[in-house]
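Thanks for passing this one along.

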Amino acid sequence: MKLELRGITKRFPGVLANDAIDLDVSGGEIHALLGENGAGKTTLMNVLYGLYHADEGEVLIDGTPVSFESPRDAIAAGIGMVHQHFMLIPVFTVTENVMLGVEETSVAGLLDRREARRRVEEISSRYGLEVDPDALVEDLSVGAQQRVEIVKALYRDAEILILDEPTAVLTPQETRELFGVMGSLQESGKGIIFITHKLKEVLAIADRITVLRRGRVVGSTTPEEADEAALASMMVGRDVRLEVEKGPAEPQAPVLEVEDLTVLDDRGQAAVNGISLEVRAGEVLGVAGVQGNGQTELVEAITGLRAVDAGRVLIKGEDLTRASPRHVFAAGVGHIPEDRIRDGLVADFSIADNLVLNQYYLPPLARGWVRDDEAVLRTAEQRKEAYDIRTPSVLAPVSTLSGGNQQKVIVARELSREIALLVASQPTRGLDVGSMAYIHEQVISARDGGTAVLLVSSELDEVLSVSDRVAVMYRGRIVGMVDPATIGREEIGLMMAGANAEQVEGS
């Protein structure tokens with residue numbers, strides 16, 4: 001099967017998301033679609049999968065134009081998609097999830113779970129997917145849930161498989177297993193569109209690479225003809241320094257002290273279970289772990305966004321265990337939240353207002369009880385330029401920005417004042433590699449100026465390159481505290497999957 005996209009153009013109000021894009025993939029080929037968030041990758045795939053309708057252009061299968069009014073049409077044509085955020089029902093079994101919407105029935109018209117289970121076993125065995133047909137999805141690891149999504153697409157006879165950021169929440173071991181599955185699919189004649197922003201992975205697995213920037217194809221190449229630097233340059237339009245440059249840390253007194261902390265999640269279960277750690281002035285402590293192992297709740301408890309069930313949080317010796325977010329801010333804490341829409345921005349406010357959201361009532365942005373609008377605008381313009389926030393006007397609503405530019409607003413706001421502690425959760429999510437390098441420079445600069453930094457990131461490479469020490473979290477506990485200079489990605493990956501420090505050191 002050969003799939004071709006010709007001249008695909010998709011517009012949203014004020015945004016040209018896809019601009020005359022050409023792309024093709026054949027059976028037995030892995031074609032990587034590379035680009036930062038906001039480059040147009042997911043929009044293009046949503047057009048292909050029938051979720052959006054193109055304003056211009058056409059899709060061809062084996063040379064014949066086709067039109068998809070919905071994902072059902074795309075699936076019927078042999079196209080499957082594994083979304084970045086899985087579409088599974090936690091309380092259903094693997095088989096029930098896979099057969100949902102295409103239920104097998106017996107002669108009597110009853111659901112034929114036995115036949116569906118047999119097909120799930122056959123597909124998972126053929127492609128090395130290793131899933132238990134009878135397991136509840138809620139009991140599976142993230143990597144296993146992803147395999148269920150792939151089985152679900154193959155169950156529907158997909159010949160072209162779209163994988164949207166499939167390694168975003170995987171450990172290194174799970175990523176390697178996924179690449180093995182992709183190799184099996186390729187050998188069987190399936191075509192794969194591999195959407196990512198990770199340069200190393202593209203070079204390791206792809207046959208061809210197409211790079212998008214601001215909705216356009218800016219180049220196509222192969223792993224043999226390119227390297228990370230060349231791909232990064234294509235993505236952002238200029239040369240980019242990929243390595244984080246930093247000298248040795250000179251840690252001083254503790255700024256953040258967490259003592260026997262227990263925090264409950266929204267269901268009342270212990271998401272953080274008796275954690276103790278400290279972050280000292282002049283160092284970066286990174287927290288590594290597959291997303292969903294308590295990192296979110298830990299950050300929310302430290303920054304006053306979630307109640308603490310037990311234990312203490314001290315900042316510069318002051319007990320802030322049950323302090324409000326404003327009190328935490330006043331204590332000299334900067335916070336880059338994981339969920340920028342919920343916790344970092346007010347969508348209907350202007351970009352300028354969001355850039356001073358935690359300082360608008362303080363001099364020089366206010367005179368007594370009166371806000372100085374001119375000072376706010378001057379400050380916003382300065383921060384816009386310094387952090388390359390791409391907008392025609394800082395008076396526009398922040399909701400009009402791309403996700404990456406929204407993240408820059410938050411980073412600019414939090415790093416543009418003197419702070420004792422920076423709590424950075426996914427600080428570079430949605431940024432291009434050039435902006436990522438700039439943010440990393442700012443983090444290291446803050447560290448070198450005596451700021452304590454707690455860095456939480458789902459990107460293991462980011463944690464290892466920026467951090468001076470790394471705490472590995474698994475199921476709400478710290479299972480290891482390691483030196484990134486002396487331990488490899490594989491060892492940390494084992495710990496992220498549940499192996500404790502002693503097991504790693506003995507392996």
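Predicted model: local features only at pLDDT ≥ 70, side-chain atom pairs only at ≥ 80, totals over all residues.

1. Residues are numbered from 1 along each chain as its sequence is written, and side-chain values use heavy atoms, with hydrogens and water left out.

2. Overall build. The chain has 18 helices and 22 strands, taken as DSSP runs (H or I of at least four residues for helices, E of at least two for strands) and numbered from the N terminus. Its radius of gyration is 24 Å, close to the 23 Å that the globule rule gives for 507 residues, so the chain is as compact as a globular protein of that length. That radius is taken over C-alpha atoms, and the rule is 2.2 Å times the number of residues to the power 0.38. Along the principal axes, the C-alpha atoms fill a box of roughly 75 × 50 × 45 Å.

3. Packing. Of the 507 residues, 54% count as buried. Among contacts (heavy atoms within 4.5 Å) between residues at least 6 apart in sequence, 66% join residues at least 24 apart.

4. Salt bridges. The structure holds 37 of them, each being a side-chain nitrogen of Lys or Arg within 4 Å of a carboxyl oxygen of Asp or Glu. One network of salt bridges links Glu 4, Arg 6, Asp 24, Glu 29 and Arg 208.

5. Arg 126 and Glu 122 meet in a salt bridge at 2.5 Å, N to O. Both residues lie in helix 4, four residues apart, about one turn of the helix. Glu 122 counts as partly exposed, at 31% relative accessibility.

6. A pair between helices. The side chains of Arg 147 and Glu 177 form a salt bridge at 3.6 Å, N to O. Arg 147 is in helix 5 (residues 142-155) and Glu 177 in helix 6 (residues 172-187), so the pair ties together parts that are 30 residues apart in sequence. Is Arg 147 buried or exposed? Arg 147 counts as buried, at 18% relative accessibility, while Glu 177 is partly exposed at 44%.

7. A pair between strands. In the salt bridge of Glu 259 with Arg 312, the closest N and O atoms are 3.0 Å apart. This pair links distant parts of the chain, with Glu 259 in strand 11 (residues 254-264) and Arg 312 in strand 14 (residues 310-315), 53 residues apart. Glu 259 is partly exposed at 29% relative accessibility, as is Arg 312 at 35%.

8. Helix 15. Just after helix 15, Gly 450 takes a positive phi of about 105 degrees.

9. Gly 219. This residue lies in strand 10 (residues 216-221) and counts as buried at 15% relative accessibility. Not counting residues up to four places away in sequence, Gly 219 touches Ile 209, Thr 210, Val 211 and Met 234.

Technical notes
Buried < 20%, exposed > 50% of the residue type's maximum accessible area, 1.4 Å probe, protein only.
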